[in-house]
Amino acid sequence: MHSYTPEVHTTAHELAQLCLDRLAMTAPLDRSATPAELERLAGRTVTPDGLGGAEAVRLWSEVLAPACLSVDHPRYLSFIPSAPTKMAAAFDMLVGASSVYAGSWLEGAGAVYAENQALRWIADLAGLPATAGGAFVQGGTIGNLSALVAAREAARQRRGSSGARWAVCVTGETHSSVKHALRVVMDVDVIEVAGDERGRMTGAALRDTVQGLSQAAREEIFAVVATAGTTNLGVVDDVAGIGAVAREFGWWLHVAGAYGGAGLAAPSVRHLYAGVEHADSFIVDPHKWLFAPFDACALIYRDPVLGRAAHTQHAGYLDPVTVAGEWNPSDFAIQLTRRARGLPFWFSLAVNGTDAYRDAVEQTLGVARAGAELIRESGHLRLLVEPDLTVLIFERIGWQDEDYGRWGSRLLDSQLAFVTPTRHAARVCTRFAVINPMTTVEDLALIIDSLR
Ligand SMILES: *Cc1c(COP(=O)(O)O)cnc(C)c1O
């Protein structure tokens, strides 16, 4: 099973050909399927004797792959899509074939070196100090959790464990993963600061909220989460104002930029991120708006020593890798074994250069701005929030909640687009998230027309 037989050779070539074909084309949107449909079409796939390479490849390419949506389709505008560059996607194939263990410097020095240069580019965009660093982790969820665990550990070391509760300030628009990490995983209290008219946390609102708390409640706070690009509305919190309050009270500033952090690369919106240079930790998902394949989140600490203090695992069998001074990605997050998941992003950055990234992010911003204008001028739609970045949230005037779902299903059935409903201010509406440089204004116009 582990030797390179003629059958492995044939299958590997067929798979490589499928990869090359997929890289070369704009794949159809495709569709989802019910468990019953897949049961009927694919049946039992794991058997005592095995299906053999040819049959398994057929099953994948003819039945299973078409039952997965193409997230990189230019008219896939739901959630936050993904649009890997061809170079990043191509390199991902090599990562799988290479068996690189990227948890430790000892085993993965070359990979970790390259990944760290990609992290450095991001840290420089944010204006973090030369000593800043971290690791690529699975996604924003793990990145946020790992940063907040490090923040609490730093507070514990500084203040001692008093046995009191801990708390973190967020807003109603803070991503579900942050609230889940705090409430369910960390058992930390969540203090919700009211957002402004666009859902942003401001320094003033944060200060008002904490001044309304008792001294005891205020002392439980160890961190504040500023979102740089909220998922539903695409707006950037007042990072500078929030950071000033955090410094005054001695809290950790975590800047959650899973989606919007990529905007740091775009001169036209860079001013929105003022204050990010004060972040104690920062995350951005290259698998969102930085054109890398799933799944990669760049997690960066201002002071990596604090990341290590929280996350380094100790055991006799790990002594050979727990060497002082060596950069072990496993030391910075909730993970040990690690795929070199930052390498596809690094390779594409190395090949294309950072200017191409700046231009690609600007391209999507330009399309989103033109899309916002189309919505404003449409007559049948209403833009609900003035966009900062590339998320456009809007309603169809006169529609009821259930109209959005029906329309979205029609769009997907006709393979025109994938646009799902969302909620804002307790009402159903819809949104476009534009992160794909292949998405055009004409694409948006087509979908806007379908809402008439
Ligand atoms: C997508 C997103 C997350 C979650 O990231 P995953 O990579 O899906 O785990 C967290 N925060 C924000 C702002 C996001 O947009």
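Modeller: Helices (H or I, at least four residues) and strands (E, at least two) are DSSP runs, numbered from the N terminus. The model is a predicted one, in which local features need pLDDT of at least 70 and side-chain atom pairs count only at pLDDT 80 or more, while totals for chains, interfaces and linings use all residues. Residues are numbered from 1 along each chain as its sequence is written, and side-chain values use heavy atoms, with hydrogens and water left out.

The ligand is surrounded by 13 residues, where a residue counts as near if one of its heavy atoms lies within 4 Å of the molecule; the closest are Gly140, Thr141, Thr231, Asp285 and Lys288. By class, this shell has two nonpolar, nine polar and two charged residues; here Ala, Val, Leu, Ile, Met, Phe, Trp, Tyr, Cys and Pro count as nonpolar, Asp, Glu, Lys and Arg as charged, and the others, Gly among them, as polar. Helix H6 (140–159) and helix H11 (286–289) each supply at least two residues of the shell, and the largest share, three residues, comes from H6.

Some polar contacts (pairs of N or O atoms within 3.5 Å; within protein, one must be able to donate a hydrogen and the other to accept it, and residues adjacent in sequence count only if both atoms are side-chain atoms) can be followed atom by atom. A polar backbone atom of Gly140 is 2.7 Å from an oxygen atom of the ligand, and an N or O atom in the side chain of Thr141 is 2.7 Å from an oxygen atom of the ligand. In His287, a polar side-chain atom lies 3.1 Å from an oxygen atom of the ligand. The protein covers 88% of the 380 Å² of accessible area that the ligand has on its own, with areas taken from the Shrake-Rupley method with a 1.4 Å probe and, for residues, only the protein chains shown counting as cover.

From H11 we can move on to the loop between H11 and strand S7 (297–301), which holds Asp295 and also Phe291. Phe291 has a positive phi of about 65° although it is not a glycine, and Phe291 is buried, with a relative accessible area of 3%; buried means under 20%, exposed over 50%, and partly exposed in between, with a 1.4 Å probe and protein chains only. Further along, Phe294 and Asp295 are joined by a cis peptide bond, with omega about -5°.
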